[in-house]
Amino acid sequence: MIRIAIVVGSTRPHRRTAVTAAWVAEVAGHHPAVAASEAAFEVVDLAGFGLGVLDEPAPALFGDYRHPHTNRWARTVASFDGFVFVTPEYNHSAPAALKNAIDFLFAEWNNKAAGFVSHGVHGGVRAVEHLRQVMTEVQVANVRTQVALSAFTDFEITDPAEPGVIAPGPHQEPTLVELLDEVIAWSGALRTLRHQMAAA
């Protein structure tokens, strides 16, 4: 079975990202590949790992992790074949917590697939543009389809300090399903590649 993490890419209290990730998980739960037991999705919340700012003495490339929080994060990432990153846009980029979490590891990311669901005033598209470059460097293949949720049209927000209620436009769910299709397909193909490389 292909295992895909839905990564909550913000650790801020009252995160709209958590609301968005719950919607992604709900849609993913109805995917035909899930019904056929070919794929499984799991929400992975960065806020639950206590990573702090990168504090490993050796570069992640060497895999010499010294801290319990890093090893726990490494085991979690290693257990998945692909990822759907759910991210807000902060100051034209992705949250520092998400970039930091990516930087903690290297081999655990390699030869896997990722898709992106973003949200923000401008749909979070600039955050994803940065994340695509970052993920490419850790050998994660990025699928083309992206879901970009507008704070103005895809959420019902009465208090800017609160996450509000997600209310995606009619085109958003079909786009998300297309993204999930791609992540499942690419994750399966890259898992085969990883197994071939491990056996070589």
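Reply: Let's start with Glu 89, which makes a salt bridge with Arg 126, the closest N and O atoms being 2.6 Å apart. The two sit in distant parts of the chain, 37 residues apart: Glu 89 is in the loop between E3 and helix H4 (96–103), and Arg 126 is in helix H5 (residues 125–137). A salt bridge here is a side-chain nitrogen of Lys or Arg within 4 Å of a carboxyl oxygen of Asp or Glu. Helices (H or I, at least four residues) and strands (E, at least two) are DSSP runs, numbered from the N terminus.

Before going further, bear in mind that this is a predicted model, where local features need pLDDT of at least 70, side-chain atom pairs count only at pLDDT 80 or more, and totals for chains, interfaces and linings use all residues. Residues are numbered from 1 along each chain as its sequence is written, and side-chain values use heavy atoms, with hydrogens and water left out.

Back to our pair: Glu 89 is buried, with a relative accessible area of 16%, while Arg 126 counts as partly exposed at 27%. Buried means under 20% relative accessible area, exposed means over 50%, and partly exposed is in between (1.4 Å probe, protein chains only). As for the general idea, side chains of opposite charge can pair when their charged atoms come close.

By the salt-bridge rule, the count comes to seven. Another one joins Asp 81 to Arg 194, with the closest N and O atoms 2.7 Å apart. Asp 81 lies in the loop between helix H3 (68–78) and strand E3 (82–88) and Arg 194 in helix H6 (residues 172–199), so this pair ties together parts that are 113 residues apart in sequence. Both Asp 81 and Arg 194 are buried. Arg 191 joins in too: Asp 81, Arg 191 and Arg 194 are linked in a network of salt bridges.

Then there's Glu 42, whose side chain meets that of Arg 3 in a salt bridge (2.9 Å, N to O). Here strand E2 (residues 39–45) supplies Glu 42 and strand E1 (residues 2–8) supplies Arg 3, 39 residues apart. Glu 42 is partly exposed at 38% relative accessibility, and Arg 3 is partly exposed at 28%.

Strand E4 (residues 112–120) and E5 pair in the parallel sense over eight bridges; strands pair if DSSP finds at least two bridges between them. Ser 118 has Ala 148 as its bridge partner in E5. From E4 the chain crosses through H5 to E5, and this β-α-β crossover is right-handed: with the strands pointing away from the viewer, the path from the first strand over the helix to the second runs clockwise. E5 (residues 140–150) is mostly covered, with eight of its 11 residues buried.

Gln 146 is in strand E5. Leaving out residues up to four places away in sequence, Gln 146 touches several residues, among them Ser 118, Val 128 and Thr 175, where contact means heavy atoms within 4.5 Å.

Finally, Thr 175 is in helix H6. Thr 175 and Val 147 are 28 residues apart in sequence and 6.4 Å apart in space, C-alpha to C-alpha.
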